[in-house]
Amino acid sequence: MAQNVRKEFFGLVVPLRVLEDRELTIAEKLVYSYIISYTKGICYDSNERIAGRIGVSVRTVTRSLVGLQNKRYVFVNFGQGSTSRRKIYDVLDKPDKLKVLTRKVRN
C-alpha cells in the first residue's frame, strides 16, 4: 500500500474560506494549512513535527488541533493498539466523511 506522501511545494496555501474565518486563530489557520498539504487530506505527523515545520510551540499545535476539531475542520483519530498511529483528517466541507469517522470511533 502506498505511503501517505507530502505534496511538493514551496509553502503553505491557506484556502480563502479558512483565511477569512474570524473564528480561527492565526495558528489554527497555519496548522490546518499544514494538514491539507498532505495527499488525501490525512496527516500522520506528531505535534512536535508540525510545530517544528511551521515555527510554533508544541502547545500551540495541541491547542490549534483541539480548536480545529471543535470547529469541525479536522477529525483526530488516535487509533488503537501499540502499532497504531494518530491520524488527522481534513473534514471541512466533508460531512459524510466526518460521520463515517465518528461512527468508526464509537464502534
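Okay, let's start with two tyrosines: Tyr34 is buried, and Tyr38 is buried as well. Keep that pair in mind while I say what we're looking at. This is a predicted model, so everything I mention comes from computed coordinates.

First, the overall layout. The chain is built from five helices and three strands. If you walk along from the N terminus, the order goes α-α-β-α-α-β-β-α. There are 107 residues, and 38% of them count as buried.

How many aromatic pairs does a search of the whole structure find? It finds two. One of them joins Tyr32 and Tyr73: the ring centres sit 5.4 Å apart and the planes are at 80°, so we call that edge-to-face. Tyr32 belongs to helix α2, residues 26-35, while Tyr73 is in the loop between α4 and β2, so this pair ties together parts that are 41 residues apart in sequence. Both Tyr32 and Tyr73 are buried. The other pair is the one I opened with, Tyr34 and Tyr38, also edge-to-face, at 5.9 Å centre to centre and 65° between the planes.

Is Arg72 buried or exposed? It's exposed: its relative accessible area is 57%, and the cut-off for exposed is over 50%. Still, Arg72 has partners from elsewhere in the chain. Leaving out residues up to four places away in sequence, Arg72 touches Val91, Leu92 and Leu98. Take Leu98: it's 26 residues from Arg72 in sequence, but C-alpha to C-alpha the two are 8.4 Å apart in space.

Last stop, a helix pair. Two packed helices are described by the angle between their axes and the distance between the axes. For helix α3, residues 47-54, and helix α4, residues 58-70, the axes come within 8 Å and cross at roughly 110°. Angles of 65 to 115 degrees count as roughly perpendicular, so that's what we call α3 and α4. Who does the touching? On the α3 side you have Asn47, Glu48, Ile50 and Ala51, and they meet Val58, Val61, Thr62 and Leu65 of α4. Sort that contact by class and you get five nonpolar, two polar and one charged residues.

That's my tour, thanks!

Methods:
Residues are numbered from 1 along each chain as its sequence is written. This is a predicted model: local features need pLDDT of at least 70, side-chain atom pairs count only at pLDDT 80 or more; totals for chains, interfaces and linings use all residues. Side-chain values use heavy atoms; hydrogens and water are left out. Axes are lines fitted to C-alpha atoms, for helices over the stretch in contact, and angles run from 0 to 180 degrees between N-to-C directions. Helices (H or I, at least four residues) and strands (E, at least two) are DSSP runs, numbered from the N terminus. Angles under 35 degrees count as roughly parallel, over 145 as roughly antiparallel, 65 to 115 as roughly perpendicular and the rest as oblique. Contact means heavy atoms within 4.5 Å. Ala, Val, Leu, Ile, Met, Phe, Trp, Tyr, Cys and Pro count as nonpolar, Asp, Glu, Lys and Arg as charged, and the others, Gly among them, as polar. Buried means under 20% relative accessible area, exposed over 50%, partly exposed in between (1.4 Å probe, protein chains only). Rings of Phe, Tyr and Trp (its six-membered ring) pair if their centres lie within 6.5 Å; planes under 30 degrees apart count as stacked, over 60 as edge-to-face and the rest as tilted.
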